[in-house]
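Q: I would like to learn how to read a structure like this one, feature by feature. Could we take the sequence and the model together and go through them slowly?

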Amino acid sequence: MSEKQSRMTVDLSGRVAIVTGASRGIGKAIAVSLAENGAKVACVATSVGSVQGTVDEILALGGEAEAFGCLVGETGAAQSVVDAVLAKWEKVDILVNNAGITRDGLLAHMTDEDWDAVLETNLRGTFQFTRACIVPMMQKRYGRIINVSSVSGLVGNPGQANYSASKAGVIGFTNTVAREYAKRKITVNAVAPGFIATDMTKVLGDMIMTEAKKRIPANRVGEPQDIADAVLFLASDAASYITGQVISVDGGMTA
Ligand code: NAP
């Protein structure tokens with residue numbers, strides 16, 4: 001492999017991972033980082049075409065990966081991906097529920113469609129993939145589930161009632177599933193990114209970015225790799241006694 005993007009080295013050789021939203025931004029950094037550290041990675045995005053670039057990057061690094069296209073919240077989609085992963089690699093050790101969208105607007109103007117779309121992808125998608133992975137993980141008595149929440153799910157953010165609700169829902173879901181499966185050696189944790197430079201935040205424009213930066217004690221916007229390194233730790237054996245936790249990776253925004 002050529003020079004690594006991940007700043008951590010963990011041993012994930014022989015592990016099989018699924019990463020949703022792996023085509024770009026945070027999910028791409030997570031997928032590449034898991035692969036660099038030895039995991040085989042099923043990379044999921046809305047279409048095979050959109051996520052093929054991540055797969056090609058991993059293959060070029062000497063890793064193993066496959067592309068899957070689906071809408072994560074759709075009934076049956078997660079099960080199809082998990083069945084295909086089991087057929088190919090016989091198990092799922094690591095699941096990263098990262099796919100997410102925003103449809104921002106103040107509450108008075110928020111449409112049912114904007115509410116439903118965000119809850120469907122961010123929360124229902126997390127539920128669908130986690131449920132599809134839990135039985136195979138129970139059978140192996142091993143699992144690492146990492147859900148990408150947000151600081152908006154911890155403290156709220158004007159204009160994001162739908163998004164905040166979905167990300168707070170992800171935290172509640174994480175805590176309950178962690179308690180249900182801790183005895184089976186499956187850990188379930190969340191990371192709560194702050195303001196990270198990706199397509200999701202690029203649309204906000206320079207003015208909002210500059211304002212957002214003023215609220216970050218570290219005085220910089222985060223990079224996708226900041227999140228990927230936290231996920232790598234939670235996916236590693238070193239984190240085997242950590243479950244039902246939320247790690248904020250936000251430059252101190254929620255301190
Ligand atoms: P991004 O650059 O907009 O990428 C979103 C990813 O999700 C893409 O891979 C996209 O696939 C995929 N996706 C969206 N809807 C999907 C669906 N219905 N089914 C399957 N895949 C879907 O976002 P990001 O900034 O990297 O965010 C990643 C995660 O971090 C999200 O959960 C987000 O809420 C969370 N987060 C981000 C920030 C931030 O500041 N960026 C802060 C806190 C939390 P396509 O390319 O195929 O569309």
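Q: Where does S166 lie?

A: S166 has its place in helix α6, and, since this is a predicted model, that placement should be read as part of a prediction.

Q: Is S166 buried or exposed?

A: A residue counts as buried when its relative accessible area is under 20%. S166 has a relative accessible area of 0%, so it is buried.

Q: How far apart are S166 and S149, in sequence and in space?

A: Here two distances are set side by side, one along the chain and one through space. S166 and S149 are separated by 17 residues in sequence, while their C-alpha atoms are 8.3 Å apart in space.

Q: Which residues come nearest to the ligand?

A: There are 30 residues around the ligand, and those that come nearest are S23, T46, N98, Y163 and T198. By class, this shell is made of 14 nonpolar, 13 polar and 3 charged residues.

Q: How much of the ligand does the protein bury?

A: The idea is to take the ligand alone and then ask what share of its exposed area the protein covers. Alone, the ligand exposes 900 Å², and the protein buries 92% of that.

Q: Which elements give two or more residues to the shell around the ligand?

A: They are α1 (25–36), α6 (161–181) and α7 (199–202). The largest share, 3 residues, comes from α7.

Q: How do I read the length of helix α1?

A: One compares the span from the first C-alpha to the last with the span expected at 1.5 Å a residue. With its 12 residues, α1 reaches 17 Å, which is close to the expected 16 Å. Just after α1, G38 takes a positive phi of about 110°.

Q: Why can α1 be called largely enclosed by the rest of the structure?

A: Of the 12 residues of α1, 10 are buried, so the helix is largely enclosed by the rest of the structure. Among the buried residues are I26, G27, V32, L34 and E36.

Q: How many salt bridges does a search of the whole structure find?

A: The search finds 12 salt bridges. In one of them the side chains of R7 and D226 meet, at 3.0 Å from N to O. Because R7 lies in the segment before β1 (16–20) and D226 lies in helix α9 (residues 224–235), the pair ties together parts that are 219 residues apart in sequence.

Q: What separates E211 and K214 within helix α8?

A: E211 and K214 are 3 residues apart in helix α8 (residues 205–214), and are therefore separated by about one helical turn. Their side chains meet in a salt bridge of 2.8 Å, N to O. E211 is partly exposed, with a relative accessible area of 43%, and K214 counts as exposed, at 63% relative accessibility.

Q: Which side chains make polar contacts with the side chain of N97?

A: N97 has its place in strand β4 (residues 94–97), and it is buried, with a relative accessible area of 3%. The side chain of N97 makes a polar contact of 3.0 Å with the side chain of T130, and another polar contact, of 2.8 Å, joins the side chains of N97 and N147.

Key
Residues are numbered from 1 along each chain as its sequence is written. This is a predicted model: local features need pLDDT of at least 70, side-chain atom pairs count only at pLDDT 80 or more; totals for chains, interfaces and linings use all residues. Side-chain values use heavy atoms; hydrogens and water are left out. A residue is near a molecule or strand if one of its heavy atoms lies within 4 Å of it. Accessible areas come from the Shrake-Rupley method with a 1.4 Å probe; for residues, only the protein chains shown count as cover. Helices (H or I, at least four residues) and strands (E, at least two) are DSSP runs, numbered from the N terminus. Ala, Val, Leu, Ile, Met, Phe, Trp, Tyr, Cys and Pro count as nonpolar, Asp, Glu, Lys and Arg as charged, and the others, Gly among them, as polar. The expected span of a helix is 1.5 Å times one less than its number of residues. Buried means under 20% relative accessible area, exposed over 50%, partly exposed in between (1.4 Å probe, protein chains only). A salt bridge is a side-chain nitrogen of Lys or Arg within 4 Å of a carboxyl oxygen of Asp or Glu. A polar contact is a pair of N or O atoms within 3.5 Å; within protein, one must be able to donate a hydrogen and the other to accept it, and residues adjacent in sequence count only if both atoms are side-chain atoms.
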